[in-house]
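Colleague: I would like to go through the labels used for this model and hear what each one rests on.
Modeller: Go ahead, one label at a time.

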Protein chains: 2
Amino acid sequence: MSSLDATYAVVMAGGGGTRLWPLSRRRRPKHMLPLLGPDSLYQTTITRLQGVFPPERILVVTTQDQREALHAQTPFIPAENFLPEPAPRGTAAVVGLAAAVLRARHGDQALMGVFPADHHIGQPARFHGVVRAALTLARQGYLVTLGIEPTYPATGYGYIQQGEPLGQIDGWPAYRVQRFKEKPDAATARQMLAQGGFSWNAGMFFWTVGRIWEEFARQMPDVHAAMAQLQQAWGTPAWEATLARLWPHLRTQTVDYGIMEGAQQVAVIPAQGLEWSDIGSWDAVWALLPKDDAGNATVAAPALALDARGNLVYGQAGRLVALVEVHDLVVVDTPDALLILPREHAQRVREVVRALQDRGQEALL
Amino acid sequence: MSSLDATYAVVMAGGGGTRLWPLSRRRRPKHMLPLLGPDSLYQTTITRLQGVFPPERILVVTTQDQREALHAQTPFIPAENFLPEPAPRGTAAVVGLAAAVLRARHGDQALMGVFPADHHIGQPARFHGVVRAALTLARQGYLVTLGIEPTYPATGYGYIQQGEPLGQIDGWPAYRVQRFKEKPDAATARQMLAQGGFSWNAGMFFWTVGRIWEEFARQMPDVHAAMAQLQQAWGTPAWEATLARLWPHLRTQTVDYGIMEGAQQVAVIPAQGLEWSDIGSWDAVWALLPKDDAGNATVAAPALALDARGNLVYGQAGRLVALVEVHDLVVVDTPDALLILPREHAQRVREVVRALQDRGQEALL
């Protein structure tokens, strides 16, 4: 197999996620939920990636307890492509793990794209185009980030500022990254939107194994040392023991802070028109679902709305939800918990989860 | 047995009631629900009446399918005191049925008080006092209504206007009734409250069997003819067949319109301080329940409220209800239906029930 063919998607499917409680739980994280249709977000992500990557070139990094369920949802991905993440250590460790395995399999020329498992993209054909462009740029030695065109002054995302233009790559404009900007306050977000040249950081990255290896060696040498041992152990009987021995000592860090912010030769391709959403709240779920004339979106439950507008009802089959004169609410009905809050306060679900943690109500988490 | 001892409470426990849907259903009417505590409203009504009436002097008029359940809730009431109402024909027929049975048992001198099975009275000792006064006045030949002191300009109740004073009866002031006034519009209600001398009609009546018999003969002769046949049949093998034969032909009418409005010698005792409620809406349930510091009342369900005020959560054991930033809502969670509406629109539950009827969703009614 030529190294040029070794182009991989690495899907990060280990997250927990509390923002879609009570539907999402520790043991049933967001990417495993069929939130927007019959398929789970993970399945939809894999289907979308298959437009660029054949199944044997998709690695899934997940937790031990999700591995079997995810493999069952995508049986066409080889079992050895599911990499267990022994415990949450952040995306830097996940990227390091995947890079170690790919270096063992294909060497430094292997290309990897990193993707979250739980995002929505409404225009998959455009996505395939920009992913191909990003891989092209990565092949030239750049660490490439896919930037999402901001549609409002969001304070919930990091931003990427464009620098020097790198020209058109397969029809997509590319830029050197001037800087990464952490989640801003509202005023800063408005100012960046007005100024232009900023994208949202959606956590999608592209690089050769050699380039990311080099950056780990320079910026996170402790993780790099572990990665080198993992590379050696891959495919040997020592693999599992090595992973179990090294993993607990890894620094918990994101790849954004640990690598990207201090990396050399970083590029961004601002992607317009992907209809991207990280589905980061129930309000985002409402926005993505089809609605009736009154703006109510209903999933699973039969619903009856009298002068009720703009609500999301995420219910259970066979349980009627009757709404009268309530507007812009989120109603999530699960067997053991019911959540009601205004869409505009959808972010406060985290506080509910925190309160349940404080009360020790583990069964509901 | 002396006729003087023949003083009966007639409890009307046949109603359906849709205003507390989805908890109340056709087969589980409001008076059978333990709405405000461990006992059903019916049980609480019987307990309250036992302050004046011994169990063998309590008649319960109910439907055939509720008879067994109600007897099980109050086994100390003799089985023969449960009178089956073959089909809903309004309170006039119910009163006529009870009067026929009491006339057969005790003759014209028997006294009867008529009570709904599903009202709340916060001050039972005062209630006992006013009931005794009403019976005293009834013994003098009056048809007596117990008037409820209006606390706001309600449009959901009929009103009773006081006429000529009849003096103090056992310490309670009594008046001739000047007129009954149907449910008024808001302006009329406000005007009556400002004017004074009006009570709410709570459907509690007191009279001798002879007096009500006479009024039926004069005002509802068709019903009176049936009552006379029922009186003859009581205690004979022909009772059930007679009831089954006559009942379907009875006019559907309330005792208010059919008898009281046109009756002679009608009195009212305005009862202050009973803390009466007909629990006619979920808002009324909220008003009667204990509340937390934020004004939330919670029944059965464990609840978690974050910046949520004034809500009623009527839930199910073991199902958490989490509320964030929602205020003055009614949330009623039952196994097959969930209702959410503002307390101030609690009356609109009827429209939900009507919509379910229109859709033919019998299982939810």
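Predicted model: local features only at pLDDT ≥ 70, side-chain atom pairs only at ≥ 80, totals over all residues.

Colleague: Which strand of chain B pairs with E17(A), and in which sense?
Modeller: E15(B) does, in the parallel sense, over four bridges. Within that pairing Ile340(A) has Leu323(B) as its bridge partner. The counterpart is also there: E15(A) is joined to E17(B) by four bridges, again parallel, with Ala322(A) opposite Leu339(B).

Colleague: What is the strand order of the sheet that holds E17(A) and E15(B)?
Modeller: The order is E12(A)-E14(A)-E16(A)-E17(A)-E15(B)-E13(B), an open sheet of six strands with mixed pairing.

Colleague: What makes E12(A) and E13(B) the edge strands?
Modeller: E12(A), residues 297–299, and E13(B), residues 303–306, each pair on one side only. For E13(B) the pairing is with E15(B), through four bridges in the parallel sense. In that pair Ala303(B) stands opposite Val321(B), and Leu304(B) has Ala322(B) as its bridge partner. Neighbouring strands of the sheet are turned by 5° against each other on average, direction ignored.

Colleague: Why is E15(B) called largely enclosed?
Modeller: A residue is buried if 20 or more other C-beta atoms lie within 10 Å of its own. Five of the five residues of E15(B) are buried, so the strand is largely enclosed by the rest of the structure. Both faces are covered: Leu320(B), Ala322(B) and Val324(B) are buried on one side, Val321(B) and Leu323(B) on the other.

Colleague: How many residues of E17(A) are buried?
Modeller: Five of the six, so E17(A) is also described as largely enclosed by the rest of the structure.

Colleague: Why does His106(B) count as buried?
Modeller: His106(B) has 20 C-beta neighbours inside 10 Å. The cut-off is 20 or more, so His106(B) counts as buried. His106(B) is found in helix H3 of chain B, residues 90–106. Its C-alpha is 9.6 Å from that of Thr7(B), although His106(B) and Thr7(B) are 99 residues apart in sequence.

Colleague: How many residues are in contact between chain A and chain B?
Modeller: 26 residues of chain A are in contact with 26 residues of chain B. The elements that give two or more residues to the chain A side are E13, E15, E16, E17 and H11 of chain A. The largest share, six residues, comes from E17(A). By class, that side has 18 nonpolar, two polar and six charged residues.

Colleague: How do you know that the copies meet through the same surface?
Modeller: 100% of the interface residues of chain A are also interface residues in chain B, so the copies meet through the same surface.

Colleague: What rotation and shift superpose chain A on chain B?
Modeller: A rotation of 180° with 0.0 Å of shift along its axis, at an RMSD of 0.0 Å. That is the relation of a two-fold axis.

Colleague: Which domains are assigned to chain A?
Modeller: The domain assignment gives domain 1 as 3–277 and domain 2 as 282–364. Their C-alpha centres lie 30 Å apart. 10 residues of domain 1 are in contact with 14 residues of domain 2 in chain A. The side of domain 1 that touches domain 2 divides into six nonpolar, three polar and one charged.

How values were computed: Residues numbered from 1 in each chain as written. Chains lettered and ligands numbered in written order. Contact = placed C-beta atoms within 7 Å. Nonpolar A, V, L, I, M, F, W, Y, C, P; charged D, E, K, R; others polar. Pairing = 2+ DSSP bridges. Least-squares fit on C-alpha atoms with pLDDT ≥ 70 in both. Axes fitted to C-alpha atoms, helices over the stretch in contact; angles between N-to-C directions. Buried ≥ 20, exposed ≤ 12 C-beta atoms within 10 Å, placed from the backbone. Domains from an automatic or database assignment.
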